[in-house]
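Dear colleague,

My notes on what I found follow below it.

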Amino acid sequence: MRLTMVTALAVALLAAPAAWAQTDDEVNAAVQFNFSTPGARSLAMGGAFLGSVDDATAAYANPAGLLQLTEPEVLVEGRRWRYSTQFADRGRASGVPTGFGVDTVAGVELGTAESELSGISYAAFVYPRPRWAWAAFYHQTAKFQTAFETGGIFAESQSGPGDVRLLPIQTFYDLDVSQAGLAVAGRWGGWAVGLAVSDVSLRLDSFTQRYDLPTSSYGPADFRRGTPANFQTQQADSDEVGFVLGLRWDRSEKVSLGLVYRYGPEFDLAVLSSSDSPGVPVPPRVIFTDKPDAVFNLPDVAGLGLTFRPSQAWTVTFDVDWVGYSQLNEKFFVIFEEVDGLPVQAEDFVLDDATEVHLGFEYVWTHLRTPIALRFGGWYDPDHRLRTETGPALNAVRFFPGDDEIHYSAGLGWVLGSHFQVDAAADFSDIVDTASVSAAVRF
Amino acid sequence: MGGCRDRGAPCRGHTAARLRPVFLVATALLATIARSATAGYPESFRAGIIAIDKKDWARAAQALEQAIDLQPRETGKNLRIYGMRFERYLPYYYLGLAHYRMRDCDKALQAFETARDHGALGGILRGRVEIYSDVCRQRLGRPLVVSQPAGPSRSGVSSSPAAPGSSRVATATSPSGGGDPPRAKPNPSTPPAPPSGSSPLNASTQPSGIGTGEVRQQQLSKVSREAEELLRRGRELAAKLEQRRHAGATAFRRDPDLAEELAAANRLLSSASFRLEGSRREGDLDGVERARDQAEAACQVLKELQAAVGR
């Protein structure tokens, strides 16, 4: 039986377009991040906060909300994220297992990589004036890491008789998007209007090493003795300007509406695909792809939020957010132009925009000397994994769709004295759990 | 319904019947939102507090008067201003403050008096009211009223040394208790009556014979130490501000209110000092706590003055 190694030998030989976005390095399929609003209070209420925005998180969430604050406020938030990243690990995508070596499993087995990250996720200082307000803020917009190994999946070849097998890989991906900026808000007719301008910083570092199989093509992956076949890297370290435009309308203290648009800028991204291994050069090295001016396009977000306070104790918040994840995919760069002898097109790869629905509740025991708030909520997070819908079947194994997620959240808040506030929250879903603590001081 | 289907035409009545509950729920929801969106006393109070934050005193007074019209009782209940910022419903206190800032001392005194009568002010706010009332009485040329200290002031004449900056004022106590609500006279031979809700210990609920007196004494010592520390800090702040005033600091020249408040805060510190001394001697925990609250209120006002004058 013929077994073909699917390797990264097909390279971008044709003239490249002016800008590229993501690539078909499969680690990109595993990337999971979202653009939830900052603050433990918001997190506890399912991220539904665009209509409320009544604390210092308004500087980023919806700058129009800054006008509600009448005392200077400092807020600092720390978050901890636990990611569960799914990837196609081993097994057989098509055909019957031969029983040779490790080709004994029918169907694709998914692996799960766990990673934990933590850090200061938001900090802001708000200074309100009688008719306007300004703020300075820092926001960790996205923070994600993953690292995993795959065993190499078998499949029936689409281009001829016999089987093919994906090369086993070791890979890691490290993404950090943060921004620091200034926000200002004023009144325009019956609306509060806010604008934030920020320096958005992208740090991205990914590395995927593919290994030849040392003994048999049906043998187990051996990352210690296996010969490096080729590797791919994606790297970015640049700053661009982003902005947030927000509107807020309040019918009274009880009903308010918020609208927001967040622009995500484009960043330079360097993509490299080469033979052998960066640590073990085996001449002659072949550079398949060296693209220093590819692009990482941070998705735009548009949202609408409604807040209703039926009483002093209760608050109900509801948001609908559109996230332009497809922008990550607009100028897709194909590293592997051929897989299993079949051509690969950028159009094969799909990344859907997501329309998130957020709902949150807050109950405050106002009769207590120091009020305590209980919050809970949830939100619908549609699948936004990079996947293929056309092209070689083996690519559909590497880039498979995920599931829509439901996040459940809860938290508590304490008002200590008339100037200090502490909030804590947790948000749970199958792919990411988030814990948050924030403290605010008004003076 | 069956007949409607039999006619073979679109059944409008049937559709309407199916949608009726949806219409009813939507109408009820909209009505609830519309009804709850109308302004009540919390909204007026909130508007008043926001106007105070913005130093828009006239607007604050107007909004607070509206709140009082809708809810005349000063409940002290926490009301949301925005986010997780809550303020106690004390519209008379804030109304008095707004009038005080507008230099309308008659109305300010009247509002402060009503706030005191309602009894919802905490100890520190009572101290602030004493300071603002004191300034107002000075402005109106009425006799100065200082809180009636326990113990040594019962003679009706205070032996308080003149506070810095207040030497032009003859300090006297007021038997009528203009600065304080009427209080029971402590009897040195028996433990003082437990204060209504202001003391964390209630002698009548303590089991006998397990050191009630000791616990009370410990509490007395603790609160006394707190009061002494606040008095020390207050005197330091006051002395610094006096130095700035004598040096002709611009803020004092520009805003005569600052000097008036400084003098009133000094007088309150003196009053607190005397109250502390007398109450401690008589084992009156309520009096000691009152002295601590007065000292804390004076410190707060002095810190605000320091911020206004600049360091």
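In chain B of this predicted model, the residues of H5(B) that meet H6(B) are B:Tyr92, B:Tyr93, B:Leu95, B:Gly96, B:Leu97, B:His99 and B:Tyr100, and their partners in H6(B) are B:Lys107, B:Ala108, B:Ala111, B:Phe112, B:Thr114, B:Ala115 and B:His118. Sorted by class, the residues in this contact of H5(B) with H6(B) are nine nonpolar, four polar and one charged.

As for the geometry, H5 covers residues 91–101 of chain B and H6 covers residues 105–118 of chain B, and the two helices pack with their axes 8 Å apart at an angle of about 160°. Because angles over 145 degrees count as roughly antiparallel, H5(B) is roughly antiparallel to H6(B). The crossing in which H5(B) passes H6(B) is left-handed.

Turning to the interface between the chains, chain A brings 30 residues to the contact and chain B brings 18 residues, while the area buried between chain A and chain B comes to about 2300 Å², with 55% of it given by carbon and sulfur atoms. Of the area that chain A buries against chain B, 28% is supplied by A:Thr70, A:Glu253 and A:Gln312, which is more than any other three residues supply.

Two salt bridges are counted between chain A and chain B. A:Glu71 and B:Arg85 form a salt bridge in which the closest N and O atoms are 3.5 Å apart.

Technical notes:
Residues are numbered from 1 along each chain as its sequence is written. Chains are lettered from A and ligands numbered from 1 in the order in which they are written. This is a predicted model: local features need pLDDT of at least 70, side-chain atom pairs count only at pLDDT 80 or more; totals for chains, interfaces and linings use all residues. Side-chain values use heavy atoms; hydrogens and water are left out. Axes are lines fitted to C-alpha atoms, for helices over the stretch in contact, and angles run from 0 to 180 degrees between N-to-C directions. Helices (H or I, at least four residues) and strands (E, at least two) are DSSP runs, numbered from the N terminus. Angles under 35 degrees count as roughly parallel, over 145 as roughly antiparallel, 65 to 115 as roughly perpendicular and the rest as oblique. A crossing is left-handed if the near helix is turned anticlockwise from the far one by less than a right angle, and right-handed if clockwise. Contact means heavy atoms within 4.5 Å. Ala, Val, Leu, Ile, Met, Phe, Trp, Tyr, Cys and Pro count as nonpolar, Asp, Glu, Lys and Arg as charged, and the others, Gly among them, as polar. Buried area is the accessible area (1.4 Å probe) that two parts lose on being put together, summed over both. A salt bridge is a side-chain nitrogen of Lys or Arg within 4 Å of a carboxyl oxygen of Asp or Glu.
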